[in-house]
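Please open the model in your viewer and keep the selection tool at hand.

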Amino acid sequence: MGFNVYCLGSNGRGQLGLGHCNDVMVAQKSIVQSSDEVRKVVCGGNHTVLLLEGSGSVLATGNNEFGQLVGGPVVDYTDWVDCNGPWSTPRVLDVAAGWEFTAIVDENNIVRSRGAGPRGELGVGLDTCSGNSNNSGGGFCTVMECGSDDEVKLFASFANCVAVVTTKGGHCTVYGWGSNTKCQLQTPKSKIVDRPVVIYETDDPVDYAALGKNFNVLVNKRGEIVHAAGNLPSGFHWEHWKGVPGLQVRCMWSSIHILDLKGSRLSFGFNLHGQLLDTAFPQDMYVTDTCMGSEHGVVVVKELDGSQRVLAWGWGEHGNCGRLSPNQSDSDPTSVINDKSNEVSPLNEILVVDPDKKVKVWGGCATTWIVVSS
Amino acid sequence: MSTTYDQIEIEDMTFHPELEMFTYPCPCGDRFEILLDDMFDGIKLAVCPSCSLMIDVIFEVEDLAEYYEQAGIALPEGIAA
């Protein structure tokens, strides 16, 4: 096994890990790794954290102003940092990132957080910044300790973090913390929920949470939407989707995108920058992976001949949806710098991948991530 | 139809007393900015220094009093304390 990580888009604080801080609009190779697979790429406002499958190794780059990556005085990293050593955590089980914070599940099933959390994002009470101090937790605060047999999954966006905890017996408790000004966690509304609160409980395990800027949606293992709360995009009524299986739900900051079993795509929310995909997206495309950034989307489509293409659409001002010109050559290093020529992007090809490779995509704050495994 | 990215209530903005400025995260990774004094003068648009997006800030002039207090500066004429 081995993989290449490609990226493009916003890079003002080094969050692409390319060794510089220029926005790029042509996919660039950021990491080449000879073992493991990438399990997850998660993005904060200006930092990126990458979790490897198997080893539980973590690499991170970008803004470290509040210690959201590691301790120490470095404000911005423009190259990837190995985190397991500085974190005193040999194996990380899951990771999530929001605006200026990072949360992990460590090898002991303890949920820990670091960075800045002025809206309760760290989930540890009044502490709003783990700072750069090298305390006993390697700069982490302890949010909650889960049972050793529990399956714990983390999700985050903007000013909220959600932990889905499922026991071996199948009982599932979903915790949330962070901002609650739109009742995204609980009613009544409050400015801050600074410790985990139960936002949903069930014996029908939740598979994942899809988070927008001021709302969250929970989806069970059959692909049914079971809960939605907060300032939901207009036109989206989750009750309408109740009991419909096989859905894939993805969120930008201000929109919800639903792909159903038949391949239909429906989206709700802001569309000033072409974020909604139902209009521009040919229905006959076979999509193998979908992910949303803050205000853009990324898909992998497979053609009949097996060839694979990565496409992006939506708000592309930082180069995150590629360039529209057909020449995507990255041989000239100066031509990859973003020229802001693709501000509102139609569905646009950003990378072509060989048929025999496995491709996964992720999106951040105007950043696009493509992982190609051999 | 509005051409700003979003409408944000003042309670969702972060106030920086030392800068006498409010900020709010922009989807590009930078922050929308607006000065307290500009808001008192009736400006409602917060702009991002790194991209073309802007937001409308939703507030009443009376809401500003507590922020003048936080910044340790005198209330301008026209706001009831």
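A nonpolar core is a set of buried Ala, Val, Leu, Ile, Met, Phe, Trp, Tyr and Cys residues joined through side-chain atoms within 4.5 Å, and buried here means under 20% relative accessible area. Keep in mind throughout that this is a predicted model.

Begin with the largest nonpolar core, which has 35 residues, and select Val38(A), Leu50(A), Val310(A), Trp369(A) and Ile370(A), the members that touch the most others in it. Strand S1 of chain A, residues 3-9, gives this core its largest share, five residues. If you now centre on Ile370(A) and leave aside residues up to four places away in sequence, you will find it touching residues that include Asn4(A), Val5(A), Tyr6(A), Leu8(A) and Val310(A). Apart from this core lies another, of 33 residues, with Ile8(B), Phe22(B), Tyr24(B) and Tyr67(B) among them.

Next, select strand S19 of chain A, residues 255-259, where five of the five residues are buried. On one side are Ser255(A), His257(A) and Leu259(A), on the other Ile256(A) and Ile258(A), and both faces are covered. S19(A) and S20(A) form a hairpin with five residues between them, and in its turn Gly263(A) has a positive phi of about 90°.

How values were computed. Residues numbered from 1 in each chain as written. Chains lettered and ligands numbered in written order. Predicted model: local features only at pLDDT ≥ 70, side-chain atom pairs only at ≥ 80, totals over all residues. Heavy atoms only, no water. Buried < 20%, exposed > 50% of the residue type's maximum accessible area, 1.4 Å probe, protein only. Helix = DSSP H or I, 4+ residues; strand = E, 2+ residues; numbered from the N terminus. Contact = heavy atoms within 4.5 Å. Pairing = 2+ DSSP bridges.
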